[in-house]
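This report covers the surface, the fold and one annotated segment of a single protein chain. The sequence and structure come first.

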Amino acid sequence: MIANLVQLAAEEEQNPLVPPGPELLVGTIAFAIVFFFFWKKLLPNINKVLEERRAAIEGGIEEAETMKVEAQSVLEQYKAQLAEARHEAARLRQEAQEQGAALIAEMRAEGQRQREEIVAAGHAQIEADRKAAASALRQDVGKLATDLAGKLVGESLEDHARQSRVIDRFLDELEEKAEAGR
C-alpha cells in the first residue's frame, strides 16, 4: 500500500502551491459565501459598534473638555475669592491696628486728664491746707501777741474787736515787709 501511494505520487508531479481545479472551485465558492455573509451581516454590526464607540469617545472627550473648562472657571473663582478674602483680612487687620492706636491715644488722653485732675485736686487741697494753717497760725499768733501785749502793758486786752484789728494790722505789716524783701 505504501508502495502504491509512492507510485501514485511519482506519476502525478504537480506544483504544491496550486491546488487541483475542483478544490480551487469549491474553495473559491466557500470563500465567496463567507465573504458575502461577513459583508452583509457582520460588517454593518461591526461598523455600528465602532461608530457608537467613536461617538462615546468623542462625547467623553467633549465632556472632559467641558469639565476642564468648568474646573478652570471654578479655580479662577476660587482664586478670586481667596484674593478677596486676603484683601478683606488685610483691611480688617489695618482697621484693628487703627482702632488699637486710637484706643491707646484715647486712654493716654484719659490718663493725662485724670493726672491733671489729681494734680489740680492736690494743689487745691494744699492751698486749702495752707489757708487753714495760715488762719490757725494767725489766731495762735494773735492770741500769743495779745497775751504778751497784755503782760507788757499790764492790762487785759480782752476786747475781741480791738484785738482782731490789732492782730490783722500787725500781720498785714509783716506780710508787706516780707513781700518788699523778696
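## Accessible surface

In this predicted model, the protein has an accessible surface of about 16,300 Å². Carbon and sulfur atoms account for 63% of that area. Of the 182 residues in the protein, 3% are buried.

## Secondary structure

The protein contains three helices and zero strands. Read from the N terminus, the order of elements is α-α-α. Helix α2 covers residues 21-153, and helix α3 covers residues 160-181.

## Annotated segment

The UniProt record, an unreviewed entry, lists residues 24-43 as "transmembrane region". In the model this span is 100% helix and 0% strand.

## Nonpolar patch

V34, F37, F38, L42, I46 and L50 together make a nonpolar surface patch of about 530 Å². One of these residues, I46, is located in helix α2. The relative accessible area of I46 is 42%, so this residue is classed as partly exposed. That class lies between the cut-offs of under 20% for buried and over 50% for exposed.

D172 counts as partly exposed because its relative accessibility is 35%.

Key: Residues numbered from 1 in each chain as written. Predicted model: local features only at pLDDT ≥ 70, side-chain atom pairs only at ≥ 80, totals over all residues. Heavy atoms only, no water. UniProt positions renumbered as here; feature names shortened; annotations may be inferred. Helix = DSSP H or I, 4+ residues; strand = E, 2+ residues; numbered from the N terminus. Buried < 20%, exposed > 50% of the residue type's maximum accessible area, 1.4 Å probe, protein only. Areas by Shrake-Rupley, 256 points an atom, 1.4 Å probe, with all protein chains shown as cover. Patch = residues over 30% accessible without salt bridge, like charges linked within 9 Å, V, L, I, M, F, W, Y side chains within 5 Å. Salt bridge = Lys/Arg side-chain N within 4 Å of Asp/Glu carboxyl O.
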